[in-house]
Amino acid sequence: MNNILLTGGAGYIGSQVANLLLDRGHKVTIIDSLITGSKKLVPKKANFIKCDISNKKKITLILKKNKFDAVMHFAGLIKVEESFKKPNKYNLYNFIKAKIFLNTCIDNDLKTILFSSTASVYGEASKKKYKENSLKKPSNPYAKSKLKLEKFLIRNIFK
C-alpha cells in the first residue's frame, strides 16, 4: 500500500483517480481549496484537507505529519474560454501556485511527482496521437500555463 497525496481531488479527474487508488488499497490524502471542485466528489475513504496548494506553511505541516510515497497533482483551472479573459488568473493558479506547491514537496523530500497536464499543449488537434516529444504549440492561456509547469518540472525534477 502506498500513501498518496493528491491535489484537486474534488474535481472530476482527481476524484476518479482517488477512487481508483482507494479501490486498489492505497491510502489517499486529498488537498483541494474547493474553488472549482465539489466536496461531494471527494471519496469518503480519503483523508480530505481543505487548503490552497500555495500555503507553504500548511503544506509543510501536512508533509511532515505524513510519510507520502508520491504526489499526484491534478489541481488547476481548466476553462479554456475563461483563460482568454483572465490569463493572469490561469498563470497564477496553474503555474505560480503549483510551482510553490511542488517546490514545497521537493524541499520536504517528496520527489515522486505525477503531473496531469493537457493535450492542448500541442495546439489545435491536427492529428490523433501525440508523443511527449511532439512539437508543443499551446494556443490558449490555459495550455500555456500547463506547459510552463511542465518545463519547470523538467528543469527542476529531471535534471
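Which are the buried residues of α4? Here, they are Y90, N94, F95, K97, A98, F101, L102, T104, C105 and I106, where buried means under 20% relative accessible area, exposed over 50% and partly exposed in between, with a 1.4 Å probe and protein chains only. The views below come from a predicted model, in which local features need pLDDT of at least 70, side-chain atom pairs count only at pLDDT 80 or more, and totals for chains, interfaces and linings use all residues. Residues are numbered from 1 along each chain as its sequence is written, and side-chain values use heavy atoms, leaving out hydrogens and water.

View 1. Helices (H or I, at least four residues) and strands (E, at least two) are DSSP runs, numbered from the N terminus. Helix α4 covers residues 87–107, and at 1.5 Å a residue its 21 residues should span 30 Å; the expected span is 1.5 Å times one less than the number of residues. The end C-alpha atoms of α4 are 29 Å apart, which agrees. There's a bend of about 30° at A98, taken as the angle between axes fitted to the seven residues ending there and the seven starting there.

**View 2. F101, tucked into α4.** F101 sits in helix α4 and is buried, with a relative accessible area of 0%. Leaving aside neighbours within four places in sequence, F101 is in contact (heavy atoms within 4.5 Å) with L5, T7, I31, I53, I59, V71 and H73. S145 is 44 residues from F101 in sequence and 15 Å away in space, C-alpha to C-alpha.

**View 3. Two nonpolar cores.** A nonpolar core is a set of buried Ala, Val, Leu, Ile, Met, Phe, Trp, Tyr and Cys residues joined through side-chain atoms within 4.5 Å. The largest one has 23 residues, and L5, I31 and F101 have the most contacts inside it. At least two residues of this core come from each of α2 (56–65), α4, β5 (113–115) and α5 (141–156), with α4 giving the most, 6 residues. Apart from this core lies another, of 14 residues, among them L21, V28, V42 and M72.

**View 4. The open sheet.** Its 5 strands come in the order β3-β2-β1-β4-β5, with parallel pairing; two strands pair if DSSP finds at least two bridges between them. At the edges are β3 (47–50) and β5, each pairing on one side only. From one strand to the next, the twist averages 15°. β1 and β2 run parallel and are joined by 5 bridges, and N3 has K27 in β2 as its bridge partner. 5 of the 6 residues of β2 are buried, so this strand is largely enclosed by the rest of the structure. Over at β4 (residues 70–73), 3 bridges make the link to β5, and M72 stands opposite L114.

**View 5. Helices lying across the sheet.** Helix α1 (residues 12–23) lies across β1 (3–7), β2 (27–32) and β4, running at about 170° to β1. α5 lies across β4 and β5, at about 155° to β5. Axes are lines fitted to C-alpha atoms, for helices over the stretch in contact, and angles run from 0 to 180 degrees between N-to-C directions.

**View 6. Two loop residues with positive phi.** L34 lies in the loop between β2 and β3, and has a positive phi of about 65° although it's not a glycine. L34 is partly exposed, with a relative accessible area of 24%. D109 is exposed, with a relative accessible area of 60%.
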